[in-house]
Amino acid sequence: MPIRHCIVHLIEKKPDGSPAVLHARDTELAESQAIENLLADLNESYNAKQGKAWGYFHDESGAFPFSGWLTQYLEHAQDFTAFSRQAVEHLQKLMEESNLSTGGHVLFAHYQQGMTEYLAIALLHHSEGVAVTDSLDVTPAKHLDLGQLHLAARINLSEWRNNKQSRQYISFIKGKNGKKVSDYFRDFIGCQEGVDAPGETRTLLKAFSDFVESEDLSEDETRAKTSALVDYASSQARLGEAITLEELSGLIDEDRPKAFYDHIRNKDYGLSPEIPPDKRTLNQFRRFTGRAEGLSISFEAHLLGSRIQYDEAQDTLIIRQLPTQLKDQLKRNKD
């Protein structure tokens, strides 16, 4: 992971309305194994976070100046240190306006993965711990607590600059349970939500369910294709990458690699060629399966409680909105 530029500033601020004090670094951080380890750990923690949102920049304005400063840096009108200083001063101002905000170390890192360039911005905090010294004494020690990452964003610079139609080149951590503690950080980036990751993932899973039903597959074939989808989507979520529909289609059916992709296009589900995976939605997508005495039942977990009702006391399963093929067979049998 080549790191092009990296710098850390410190904003001291308590969530009590007190002024925010900036301690800005004058030079970039030199390349080191520690910096590489930090960025690798940060990416791992960021990718594992649930509840991220995806979006794109507001038009540059006085309220949202960040994208303009970023453009100047990328076009070599100013260096990385100057860019980060402008940005962190703006963040300091927004922190002072937000009584709920808490300061911390602000990391800016411009790096590359494969052919793609990214800018990561994160507010980092320390945790108290202990360490054993060379003389075998136990002493207090501070360490960056990446497990408590609440304010961070990652900008796909390559996507932003090369795909003007994209509405998902920025990802950022949303506040839990609708909390607005993180709103000032989103405004600092100047980002607006452009893609509903949970909604897009649910639509993808609905398209897959329809595809499986239309193919009239066996239980084993259905299970294999479901595993292929969930494994790939979960892997992309861990990497912080989007699901590519054409690639997914090829994994689901190697003999007919375009079958699922064509199904999505022909049915017009409104999915983009690449969608951000939502881990929480994926975790709910598993199947309940049972077979006994000529009866075979298999359905996705997210249908339980809506289209499918289970009554444990009566030992019954009520299924609503039966598959079309099953209804046709039942009608023909009745006739």
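Modeller: Rings of Phe, Tyr and Trp (its six-membered ring) pair if their centres lie within 6.5 Å; planes under 30 degrees apart count as stacked, over 60 as edge-to-face and the rest as tilted. The structure is a predicted model, in which local features need pLDDT of at least 70 and side-chain atom pairs count only at pLDDT 80 or more, while totals for chains, interfaces and linings use all residues. Residues are numbered from 1 along each chain as its sequence is written, and side-chain values use heavy atoms, with hydrogens and water left out.

Colleague: How many aromatic pairs does the structure hold?

Modeller: There are 14 aromatic pairs. One of them joins Tyr73 and Phe83: the ring centres are 5.5 Å apart and the planes lie at 10°, so this pair is stacked. Tyr73 belongs to helix α2 (residues 66-74) and Phe83 to helix α3 (residues 80-97), ten residues apart, so that the pair links distant parts of the chain. Helices (H or I, at least four residues) and strands (E, at least two) are DSSP runs, numbered from the N terminus.

Colleague: In what order do the strands of the open sheet lie?

Modeller: Two strands pair if DSSP finds at least two bridges between them. Here eight strands give an open, antiparallel sheet, in the order β2-β1-β4-β5-β8-β9-β3-β10. Its edges are β2 (21-23) and β10 (191-195), each of which pairs on one side only. Within the sheet, β3 (residues 52-57) and β9 (residues 170-173) are antiparallel partners over four bridges, and Gly55 stands opposite Ile170 in β9.

Colleague: At what angle do the axes of α6 and α9 cross?

Modeller: Axes are lines fitted to C-alpha atoms, for helices over the stretch in contact, and angles run from 0 to 180 degrees between N-to-C directions. For α6 (residues 197-215) and α9 (residues 259-267), the axes come within 10 Å and cross at roughly 110°. That makes α6 roughly perpendicular to α9 (angles under 35 degrees count as roughly parallel, over 145 as roughly antiparallel, 65 to 115 as roughly perpendicular and the rest as oblique).

Colleague: Which residues of α6 and α9 meet?

Modeller: Contact means heavy atoms within 4.5 Å. On the α6 side are Leu204, Ala207, Phe208, Asp210, Phe211 and Ser214; on the α9 side are Ala259, Phe260, His263 and Ile264.

Colleague: Which residues make the contact of α7 with α8?

Modeller: The axes of α7 (residues 219-239) and α8 (residues 245-252) come within 9 Å and cross at roughly 145°. Lys225, Ala228, Leu229 and Tyr232 of α7 make the contact with Glu247, Leu248, Leu251 and Ile252 of α8.
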